[in-house]
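Here is my note on the model you sent.

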Amino acid sequence: MSIRVGIVGISGFGGGEALRLIAGHPSFELVYAAGEGSAGSRLKDRFPGVPARLADLVIEKWDPASLPPLDVLLASLPTGTSAAALARVPASVKIVDIGGDHRYVEGWTYGLADIWPDRIVGMSRIANPGCFPAATLTALAPLLAEGLIEPGSIVIDAKTGISGAGRGGGDSRFGYAESNENLVPYGLLKHTHMPEMEATIERLSGGSAAGLVFTPHLVPMTRGILATIYARGRASTAQCLDAARRFYAGRAFVRVTDAPPQTKWATGSNLAFVSYAADPERNLVMALGVVDNLGKGAAGQAVQNANLICGLPETAGLEGAPVWP
């Protein structure tokens, strides 16, 4: 079975990762690629290692009015730039929006694929979670679902590689000279991912996420996210690990580990690693979540969502091992 796929924003980091995954997918056929600055060039001009069958595919200027026949469109556009354009895509074309414009928007399904796969199957408009929420919510979900932690006053301390800033733009903060040997907090108290994390915490727990604190940090590595999360609860470490193993039993991409996870474990993959440490006497639970921000945090989960809405095994095209070292 061949499912015709298009990628918008293909020359960015998220779009390029989507291209890598689609190129090796057993059922998806890339027939459309779109970008802005790269329009008019061939895929091999932007990605010299692309498979020969895709090398001469010309990158089009993004215009929803001139799409070829497609089954699925993956949109990897900066937050704030996709809503109006994607509204013009024909209803017959399924969309996975990797950007942030449609998270918890009416008519779109929030695509947290490892937690709510049944809500995604058969849908046609999927909002991919953000990269930080992918790491954070995967770690928190089992604890919230079983009532092992309080949903309020959760503190999230997260570190991300610089590819999370995207490929575009000329901000020198993301260049080698400024990011190397540096650690930078940003988005204090008002990060764009806060609303979707609050909404998901409340859905999972049935309680209020009031008091949520989220502080991201930029670290000098290319890919990866590690979220260290502090919550109130009387559970033991063993109870937290057992809850996660029950919650994710049979799920292909979530690994529950006794040892604290490391970002390199997930590099180049769609895997998420979670672990826990708890001190009941201090009413303290620590949850840790690791993902590749371009994999599970973006294109990997987008392909997983595309598999689900197309009726394919959700692991299709995603079972490759992480890159090591």
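1. Charge first. Lys and Arg count as positive, Asp and Glu as negative, while His and the chain ends are left out. On that basis the protein carries 27 positive and 29 negative side chains. The centres of the two sets lie 3 Å apart. Keep in mind that this is a predicted model.

2. Secondary structure and overall size. The protein contains nine helices and 14 strands. Its radius of gyration is 19 Å, close to the 20 Å that the globule rule gives for 325 residues, so the protein is as compact as a globular protein of that length. The C-alpha trace spans about 60 × 45 × 35 Å along its principal axes.

3. Burial and surface. Of the 325 residues, 54% count as buried. The accessible surface of the protein is about 13700 Å². Carbon and sulfur atoms account for 53% of that surface.

4. Contacts along the chain. Take the contacts between residues at least 6 apart in sequence. Of these, 71% join residues at least 24 apart.

5. Where does Ala84 sit? Ala84 belongs to helix 3, which covers residues 83-86. Is Ala84 buried or exposed? Its relative accessible area is 61%, and exposed means over 50%, so Ala84 is exposed.

6. Ala84 and Gly37. These two residues are 47 apart along the chain. Their C-alpha atoms are separated by 20 Å.

Key:
Residues are numbered from 1 along each chain as its sequence is written. This is a predicted model: local features need pLDDT of at least 70, side-chain atom pairs count only at pLDDT 80 or more; totals for chains, interfaces and linings use all residues. Side-chain values use heavy atoms; hydrogens and water are left out. Helices (H or I, at least four residues) and strands (E, at least two) are DSSP runs, numbered from the N terminus. The radius of gyration is taken over C-alpha atoms; the globule rule is 2.2 Å times the number of residues to the power 0.38. Buried means under 20% relative accessible area, exposed over 50%, partly exposed in between (1.4 Å probe, protein chains only). Contact means heavy atoms within 4.5 Å. Accessible areas come from the Shrake-Rupley method with a 1.4 Å probe; for residues, only the protein chains shown count as cover. The place of a charge is taken as NZ of Lys, CZ of Arg, CG of Asp or CD of Glu.
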